[in-house]
Amino acid sequence: MRAVLVLYFKYFLLWDDDFATTIYHTFVALCYLTPILGAIIADSWLGKFKTIIYLSIVYTIGQVVMAVSAIHDITDTDRDGTPDNMSLHIALSMLGLLLIALGTGGIKPCVAAFGGDQFEDHQEKQRSTFFSIFYLSINAGSLLSTLITPILRAQECGIYTKQQCYPLAFGVPAALMVVSLFVFIVGSGMYNKTAPQGNIMVKVCKCIGFAISNRFRHRSSQYPKRHHWMDWAEEKYDKLLIAQVKMVLKVLFLYIPLPMFWALFDQQGSRWTLQATTMNGNFGALTIMPDQMQTVNPILILVLVPIVDSLVYPLIAKCKLNFTPLKRMTVGMLLAGLAFVAAALVQLQIDQTLPTFPSSTVGQAKFINMINGNINITAGSNPITLDAFSASDNYLTFDEPFNLNLGPGAENVVSLPDGTRSTIIIIQDAATYRHIEFRDMTEKPEKGENAMRILNGFNSTLNVTVGDEGFGDIVTNNMSEYIEVAQGTPKFMIRNDLGDECVYTQTLGFGSSYTLVIPSTFAFGPNCADSIRPVMDISPNSIHMAWQIPQYLLMTSGEVVFSVTGLEFSYSQAPSNMKSVLQAGWLLTVAVGNIIVLIVAEAATLEDQWAEYLLFTSLLVFVCIVFSVMAFFYKYIDPTKIEAQFAHMEPYEKEKKKSLDMTKKNLYGNDRRGSNSSNKGTQQTKM
């Protein structure tokens with residue numbers, strides 16, 4: 001459902017790009033913060049199996065609430081197609097997203113760890129294969145959803161008025177979640193279920209807290225130093241737990257630079273999707289919608305994971321290169337940085353094709369001649385010659401009122417409001433010329449659709465429709481409102497009061513704006529469409545969406561060597577009773593990455609999107625250098641062997657501790673008895 005989420009915010013809840021991006025990344029961050037809660041529940045209370053079941057139910061309820069929130073008819077009392085109580089829809093959306101975040105976040109640390117629990121210690125190769133298949137499965141689902149959900153969203157549904165069907169886009173995942181939960185429960189008897197081993201996360205935190213406080217109390221130089229600062233917890237906690245905490249802290253320390261990778265990776269669903277709305281999605285027989293472009297990622301995952309596992313890594317091994325997991329992750333971060341360089345280059349090309357819209361201090365105007373004959377006009381200092389029923393080539397920019405000279409005795413002063421675009425039509429009344437102003441669009445049409453309007457120069461009122469949409473009755477020398485029309489070759493049906501009809505077709509690309517001029521010479525009949533003149537106000541998107549493929553390829557390649565490796569690394573370096581804890585820590589890096597997007601996007605306030613892409617690239621390269629230095633000094637461990645050593649030492653340590661405690665008890669006990677006797681004697685003397 002994330003595939004359409006940012007578009008739902010923008011086009012249904014009517015939020016702007018920046019706020020939609022902010023809420024999107026806030027939601028994603030929350031989805032990856034709640035794994036800590038899921039890990040605590042799984043390890044200390046329910047176990048992984050029951051945690052997955054119960055929180056999946058919460059997940060499903062959240063999806064249902066999201067589907068309900070997207071039904072515009074529930075508050076559309078006047079049946080005009082627009083919700084009358086947007087606050088209710090926003091409240092339901094936020095509730096739904098909160099439940100989804102709790103559900104998905106709660107099961108995230110459990111699913112991978114639960115899968116890893118199905119293998120014995122000697123099945124390292126099979127477990128490694130499992131994590132690759134596990135990641136493939138996730139991305140196979142992502143591929144299907146990213147393909148299908150935008151198609152569901154593009155359908156029109158509603159009780160009173162037809163709108164884009166976000167309820168269907170959110171409702172189908174809810175239904176599929178019910179099915180998947182049922183299948184998971186059916187397999188219950190086949191699973192190896194590890195019983196919860198107590199609130200290990202709380203125990204770890206207490207152990208760390210005691211070590212810090214104990215070290216602070218003994219900070220004087222008279223106390224001997226210990227090998228590791230966690231050794232200061234030995235007075236209260238056994239060495240096995242301390243050793244396990246040391247293992248976890250070593251890995252968590254390595255996680256510190258990782259959020260920067262996710263800060264770039266998760267912008268595929270926000271900034272890259274919005275970038276695609278300004279591009280051409282026509283692939284010949286196939287038309288790709290902006291939110292469907294994300295399917296490139298899971299498609300490449302399905303292709304690259306087997307290739308990397310079965311070809312690239314073995315080939316590197318045969319070359320006797322020590323391509324360790326941490327080196328793989330470093331390469332993955334660099335590839336993500338290159339992906340954003342590619343995105344910046346694409347954005348530069350897009351920016352060159354965008355029209356120059358007026359700033360807040362100037363106005364723009366173009367001119368259309370609605371007279372059946374050539375005319376020469378002067379707008380300010382700009383002489384313009386217009387053929388019959390034609391428009392000026394470009395918009396002219398004016399920073400102050402200007403004189404519009406239409407001929408002898410027809411000179412007017414035109415004052416354009418700052419920050420606006422206008423179309424000025426020139427008509428003839430009797431023997432004089434005059435002008436009429438109409439406001440134009442000052443931004444690209446949304447979602448890659450095309451903004452169309454009708455200028456009626458015919459001598460009677462016309463009614464124009466395109467598909468199920470109507471421009472209404474348009475009187476002579478008047479302009480209709482804009483209507484958004486999808487890419488393709490739509491048919492415009494033109495009718496008059498007498499029932500005459502004319503069909504006009506116009507081939508449309510993505511993101512254009514046209515004014516269809518119906519001249520005074522228009523006449524109903526077989527060749528009626530020939531006299532209609534399309535005037536382009538905003539040119540269609542000319543940069544093809546295929547140019548996004550290189551950035552997706554680089555990002556996905558980085559994901560394969562970074563994320564799959566990171567999952568396996570987290571599991572392999574975690575103590576046996578802290579698998580979910582470390583998985584939650586790994587997922588926490590995703591949450592922090594999305595928070596970084598919010599901070600950088602808000603703090604940077606860069607006007608150019610390509611500059612923001614390069615800023616993220618620079619930050620990632622810096623972090624990558626830091627991570628590579630940290631990885632150089634990391635020593636890989638085998639948690640099973642370390643735990644076995646301490647398990648062997650445990651009986652001896654317990655006996656030694658017991659003997660020491662008895663000695664202290666006897667010593668302190670005698671001192672107390674002696675003190676009591678002495679006090680008693682003193683009291684008798686006083687008496």
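**Exercise 1: Partners across the sheet**

Ile-427 has Arg-434 in β12 as its bridge partner. This is a predicted model, in which local features need pLDDT of at least 70 and side-chain atom pairs count only at pLDDT 80 or more, while totals for chains, interfaces and linings use all residues. Residues are numbered from 1 along each chain as its sequence is written, and side-chain values use heavy atoms, with hydrogens and water left out.

*Task.* Find the order of the strands in the open sheet, and say which strands stand at the edges.

*Solution.* 
- Step 1: Strands are DSSP runs of E with at least two residues, helices are runs of H or I with at least four, and both are numbered from the N terminus. Two strands pair if DSSP finds at least two bridges between them.
- Step 2: β11 (residues 421–429) is joined to β12 by eight bridges, and the two run antiparallel.
- Step 3: Six bridges link β5 and β11 in the parallel sense; here Ile-368 stands opposite Ile-425 in β11.
- Step 4: β5 and β8 share three bridges in the antiparallel sense, and Ala-365 has Leu-396 in β8 as its bridge partner.
- Step 5: Put together, the order is β8-β5-β11-β12, with mixed pairing. β8 (396–398) and β12 (432–439) are the edge strands: each has a single partner strand, so one side of each is left without a neighbour in the sheet.

**Exercise 2: A glycine in a helix**

*Task.* Where is Gly-38, and which residues does Gly-38 touch?

*Solution.* 
- Step 1: Gly-38 lies in helix α3 (residues 35–69).
- Step 2: With a relative accessible area of 0%, Gly-38 is buried.
- Step 3: Leaving aside residues up to four places away in sequence, Gly-38 touches Thr-51, Gly-106, Pro-109 and Cys-110. Contact means heavy atoms within 4.5 Å.

Key
Buried means under 20% relative accessible area, exposed over 50%, partly exposed in between (1.4 Å probe, protein chains only).
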